[in-house]
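I opened the notebook on this chain and went through it piece by piece. My entries follow, in the order I looked things up.

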Amino acid sequence: MTKRVIECNICGEPLSAATDEELLGQVQRHIEAEHPEEELDEEEAREMISREAYDAGDA
Ligand SMILES: [Zn+2]
């Protein structure tokens with residue numbers, strides 16, 4: 001089974017989810033929790049995912 005992975009473009013932490021929609025939620029939660037000073041709206045988060053997210057297999 002593969003998952004979608006993206007690395008936070010601020011701290012480099014890898015975030016993963018089953019789908020891009022879930023990944024969007026992960027990114028938004030991560031930014032809120034870890035980088036509350038950063039403003040990342042949903043459109044920007046979606047663009048970041050479409051540009052940078054990749055498939056990874058479960059190890
Ligand atoms: Zn981060």
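**Entry 1, overall pattern.** What pattern does the protein chain follow, read along the sequence? I read β-β-α-α-β. In total I have two helices and three strands in the protein chain. My helices (H or I, at least four residues) and strands (E, at least two) are DSSP runs, numbered from the N terminus.

Residues are numbered from 1 along each chain as its sequence is written. This is a predicted model, so I take local features at pLDDT of at least 70 and side-chain atom pairs only at pLDDT 80 or more, while totals for chains, interfaces and linings use all residues.

I looked up the extent: the C-alpha trace of the protein chain spans about 35 × 20 × 15 Å along its principal axes. For 59 residues a compact globule would have a radius of gyration near 10 Å, and the 11 Å of the protein chain agrees with that. The radius is taken over C-alpha atoms, and the globule rule is 2.2 Å times the number of residues to the power 0.38.

I also checked burial, where buried means 20 or more other C-beta atoms within 10 Å of a residue's own, exposed means 12 or fewer, and partly exposed is in between, with C-beta atoms placed from the backbone. Buried residues come to 10% of the 59 in the protein chain. Then contacts, meaning C-beta atoms, placed from the backbone, within 7 Å. Of those between residues at least 6 apart in sequence, 41% join residues at least 24 apart.

**Entry 3, the sheet.** Which order do the three strands take in the sheet? I get S2-S1-S3, an open sheet with antiparallel pairing; two strands pair if DSSP finds at least two bridges between them. The edges are strand S2 (14–17) and strand S3 (54–57), each of which pairs on one side only. On average, neighbouring strands here are turned by 40° against each other, direction ignored. For angles I use axes fitted to C-alpha atoms, for helices over the stretch in contact, and values run from 0 to 180 degrees between N-to-C directions.

**Entry 4, S1 with S2.** Strand S1 (residues 2–7) runs antiparallel to S2 and is joined to S2 by four bridges. S1 and S2 make a hairpin with six residues between them, and Gly-12 in the turn shows a positive phi of about 85°.

Lys-3, which sits in strand S1, stands opposite Ala-56 in S3. I find Lys-3 partly exposed because 16 C-beta neighbours lie inside 10 Å. From Lys-3 to Arg-51 I get 48 residues in sequence and 16 Å in space, C-alpha to C-alpha. Gly-57 and Glu-7 are 50 residues apart in sequence and 15 Å apart C-alpha to C-alpha.

Next I looked at helix H1 (residues 20–34), which lies across S1 and S2 and runs at about 145° to S2. H1 has 15 residues and reaches 20 Å from first C-alpha to last, close to the 21 Å expected at 1.5 Å a residue. The expected span is 1.5 Å times one less than the number of residues.

Which residues of H1 are buried? Leu-23, Val-27 and Ile-31 are. They cover an arc of only 75° around the axis, so they are on the same side of H1; the arc is that of the directions from the helix axis to the C-beta atoms. On the other side of H1, I noted Glu-21, Arg-29, Glu-32 and Ala-33 as exposed. The cover over the buried residues of H1 includes S1, S2 and helix H2 (42–52).

Last stop was Ala-18, in the loop between S2 and H1. Is Ala-18 buried or exposed? Ala-18 is exposed, because 11 other C-beta atoms lie within 10 Å. Ala-18 and Ile-31 are 13 residues apart in sequence and 19 Å apart in space, C-alpha to C-alpha.

Note on methods
Two residues are in contact if their C-beta atoms, placed from the backbone, lie within 7 Å.
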